[in-house]
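Colleague: I am new to this structure and would like to learn how to read it. Could you walk me through some of its features?

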Amino acid sequence: MIRAVLLALLLCLAWPQAAHAQVAIDAAPLRFVDDAEERRFHALVAELRCVMCQNQSLADSNAQIARDLRREVLDLMRAGHDDAAIKAHLVARYGEFVLYRPQIGPATWLLWFGPLLLIVAGGVVIARIVVARRASTPLPPDDTETW
Amino acid sequence: MSASRARWLPLAAFGGILALLAAGVWLSRDPDRDALPSPLIGKPAPAFDLPVLGDPERRVTQADLRGAPYLLNVWGSWCPGCREEHAVVAAFANTQRVRVIGFNWKDEPGDATRWLAQFGDPYALVLADYDGRAAIEWGIYGAPETFLVDAAGTVVWKHVGPMTDATIREQLLPQVERLEAR
Amino acid sequence: MLPELGQIALLLALVAAVLQTVLPLLGAQRGLAPWMAAARPAAYAQWALTFIAWAILTAAFVQQDFSVRYVAENSNSLLPMVYRFTAVWGGHEGSLLLWVFVLACWNAAVAWFSRSLPDVVLARVLGVMGAVCLGFLAFLIFTSNPFERILPMPLEGRDLNPLLQDPGMIVHPPMLYIGYSGFMVPFAFAIAALLDGKVDAHWLRWTRPWTNVSWAFLTIGIALGSWWAYYELGWGGWWFWDPVENASFMPWLAGAALIHSQAVTEKRGSFHGWTLLLAIATFSLSLLGAFLVRSGVLTSVHSFAADPTRGLFILVFLGLVVGGSLLLYALRAPDGRDGKPFAATSRETLLLANNLLLVAACAMVLLGTLYPLLADALNLGKISVGPPYFGLLFLLLMTPLVLLLPFGPLTRWQNEDVSRPLRMLLPWAVLALIAATLAFFTAPQGPWKVAMGVAGAVWVAGGTARFVWTRLRAPGGRMGAEMTGMVLGHLGISVFLIGALLVEGLNVQREVALLPGQSLTIGRDAFVLDGVLHHVGPNYESDRGTVRMLQGDRLVATLHPEKRTYASGGQVMTETAIRPGVSRDVYVALGEPLGGGAWAVRVHIKPFVRWVWAGAFLMALGGFVTATDRRFRRPRRERTA
């Protein structure tokens, strides 16, 4: 049992003071009906976060809770829910923290659209520089500098 | 924006980042900082139907527990933090203000029973979630975790990690008093 | 006794750093030649003293002196000798000492190679570098002393984290630190130029090789970290967009922008202010990276042990250095209207676009990394920002860059008739599309990613080849070192694209329960688990599996994945077994024992994954080659004004 505790603790790369722990039971790998199911599963599970670990996806983590949640995701898939419903199911229980792809909403507008705004602003700045630097008469290409 | 104004932009941007990082340093002083807030607060406790530890024929559902508030304490014999907080949980159970229900998570029944025999059994009742499915409904992701559920079956408080006397005094008791005042 | 000498060496190095900062800067301000002349000796002294300190700490590890707290925390009597050397940088204090030593090396290198620099410039540059070294030394001595004793002396050390007991660990941190600290050089030059009030091409020609070499080292450091995570962490990924990885990637992106910006400014005299700002930003991002890793502000898989007090110190240091630099920039930045004019279609414009895209990518990574902290601080809840965000936005930002890349070398300065490069590149665009279509229809899975990877790689490689051909065919056609370096760097991108996109699209993973004798089949390959035996290593015990890889009846490889339990702390590590290859890696790991002799076995097939690191190494090589260009080494003594 002690080995299992230490196994779980370390597999999670949890900090030493994390007395918040788990156990290793039922480690049998999941079986998939077909390739399509397996691909969908892997794609979905890579977008979910192992809530216990420091920074690992549900796909990568060996923590017990990650194994349980992977089983839960597969069960939900087989029950006919689509990806969005499965994500919502987990968010209702663990909060938005469980999603590695943050939901687009007022709280994340800056995150999702900030870079685009930066590109647009930068584009405007470049355009203004280019316009300002244009000479009055057309310039020849400069090949004097070999590089 | 004029060229002269633009020169101050990098400094201003950096100032913002620095402020954010300072806030980060400030926040990281709190040891409970990494605990996930529960989305269940204010919502009905999830439905469950679990056997009792040591008496698997007897099953308990969330409806059975309605009528009086209860403290649900998630533990396992494999969990060192649970042993840490056990004395605190026992002390609170002794005050008899709120019944304390144990939630034995992903544990072999033999190990769990032995653990209780060794460290004491303060629980009014211990539910056994062997495969962990019920725990997912509660948003449990590690042990120990503790929930306070009111008489109507609504989750009012959750604590992640071992509880200390300070936790009981500063967080749990005020919640209990609020429930008793109703 | 020795550790105390180490402490003294560090304190003396601090004194040297103070002298290196105060005397030359004041001397440059007031024209006092003897004060300015103090810079070089101070730099050499600092180097010697930090080297002594590092040597003493290494000796403490080799001799297993557990009375030194840091040694006790990061070593163990069973630790093999080679890891005793590398354990020196296995924890916070020691890695910081390594950083301080590397800074001192750059310091001394600049002092040594600067014969052609005017005294005032050199004094300012060394003065600024002295200030940076001073900050790090102070941080080391006052908050993270590696020589602190622990009494009573423990009989046994806690051990080096098993994750770090690995050859990759030997080289990755030093490469990374050489890269990070190297950016101090262009930073110091930028500050010196701002202090001077005069910015001209000379300082740029001087700085460029230093910038290129630092960037090259950083590239190697990041690539090694990625490779190490791949084989050591047992998850099969090569990049996780983890905050600590992002902390190293941001200065890399800014550094790449800086390399290009310096080229424009040197050759055309334009955008001095922007290049200065980028130099400041790149080094600031290195410092920010140090902060993020060591302060515990962000949760990450491989940050050092968190400590808010240390975080506060670095934050103050960051505030002073970066804030001070940006204030100086705001007050003294040169006018925007410098350099030769240029048309809208010219290489200048393309390089502006290059900088915009790289800087936007860097800003995006910063935003995503800090956003959870922002949301938490503003009480918007706890959210996660992970690979789905970073990967998508990075792809969106890099696609225009990849599309424009081949145009860069073929577009002339000042004004270019767009039809000319278009004409030269059109056949390559067509070839790229044909190759992509072929790839799309022949890929067993992930057709879009495979097609994109092939299209991008052929386009970039073809466009670069076209440039080389044009160049060599021109009268007097020769490729100087700078050009060769550029070609290598761009080819590196092409190779990297194949690796990154194809492995994403084509990788296969399976996990099954196997009893000895049973096998797992993936495509043409069968993996037979022969058994799992107990094995004893120098400081660990393990369950060592034997997995034979067969194609039909032919034995292709025998692999030995392990699960090791380290004696010191009982930690369990998964050692994967990898069969490397040019066209694919086969990656086998043991999962949990399932009772009855059965084991969970995980197999990954990773096509072209090695191209990721090959591409990175090509880029680094390009950086090194560029720095050797003779133009940079021509000594030109500028008359002091």
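**Reading the sheet, chains and domains**

Modeller: Gladly! Let us start with a sheet in chain C, where 4 strands form an open arrangement in the order S1-S10-S9-S8, with antiparallel pairing. Please keep in mind that this is a predicted model.

Colleague: Which strands of chain C stand at the edges of the sheet, and why is one side of each left without a neighbour?

Modeller: The edge strands are S1 (508-514) and S8 (577-579) of chain C; each has a single partner strand, so one of its sides has no neighbour in the sheet. As for the angle, neighbouring strands of this sheet are turned by 20° against each other on average, direction ignored.

Colleague: How do I read the pairing itself?

Modeller: In general, strands of a sheet pair through backbone hydrogen bonds, and the pairing is either parallel or antiparallel. Here, S1(C) pairs with strand S10 (residues 598-607) of chain C in the antiparallel sense, over 7 bridges. To find one position in that pair, look at Gln509(C), which stands opposite His604(C) in S10(C).

Colleague: Which domains does the assignment give for chain C?

Modeller: The assignment gives domain 1 (1-160), domain 2 (161-404), domain 3 (409-507 + 611-617) and domain 4 (508-610). Domain 3 is written as two stretches, 409-507 and 611-617. Take domain 1 and domain 4 of chain C as an example: their C-alpha centres lie 43 Å apart. Their contact takes 6 residues from domain 1 of chain C and 6 residues from domain 4 of chain C. On the domain 1 side, those residues divide into 3 nonpolar, 1 polar and 2 charged.

Colleague: And how would I read a helix, say H6 of chain C?

Modeller: Compare its span with the expected one. Helix H6 (residues 92-112) of chain C has 21 residues and reaches 30 Å from its first C-alpha to its last, close to the 30 Å expected at 1.5 Å a residue.

Colleague: How many residues of chain A are in contact with chain C?

Modeller: A general remark before the count: the size of an interface is often given as the accessible area lost when the parts come together. Here we count residues instead: 43 residues of chain A are in contact with 52 residues of chain C. Helix H1 (2-11) and helix H5 (109-133) of chain A each supply at least two residues of the chain A side. The largest share of that side, 10 residues, comes from H5(A). By type, the chain A side divides into 26 nonpolar, 7 polar and 10 charged residues.

Colleague: Let us finish with a single residue. Does Asp55(B) count as buried or exposed, and why?

Modeller: Asp55(B) counts as exposed because it has 11 C-beta neighbours inside 10 Å, and the cut-off for exposed is 12 or fewer. Asp55(B) is found in strand S2 (residues 55-61) of chain B. Asp55(B) and Leu125(B) are 70 residues apart in sequence and 11 Å apart in space, C-alpha to C-alpha.

How values were computed:
Residues are numbered from 1 along each chain as its sequence is written. Chains are lettered from A and ligands numbered from 1 in the order in which they are written. This is a predicted model: local features need pLDDT of at least 70, side-chain atom pairs count only at pLDDT 80 or more; totals for chains, interfaces and linings use all residues. Domain bounds come from an automatic or database domain assignment. Two residues are in contact if their C-beta atoms, placed from the backbone, lie within 7 Å. Ala, Val, Leu, Ile, Met, Phe, Trp, Tyr, Cys and Pro count as nonpolar, Asp, Glu, Lys and Arg as charged, and the others, Gly among them, as polar. The expected span of a helix is 1.5 Å times one less than its number of residues. Two strands pair if DSSP finds at least two bridges between them. Axes are lines fitted to C-alpha atoms, for helices over the stretch in contact, and angles run from 0 to 180 degrees between N-to-C directions. A residue is buried if 20 or more other C-beta atoms lie within 10 Å of its own, exposed if 12 or fewer, and partly exposed in between; C-beta atoms are placed from the backbone.
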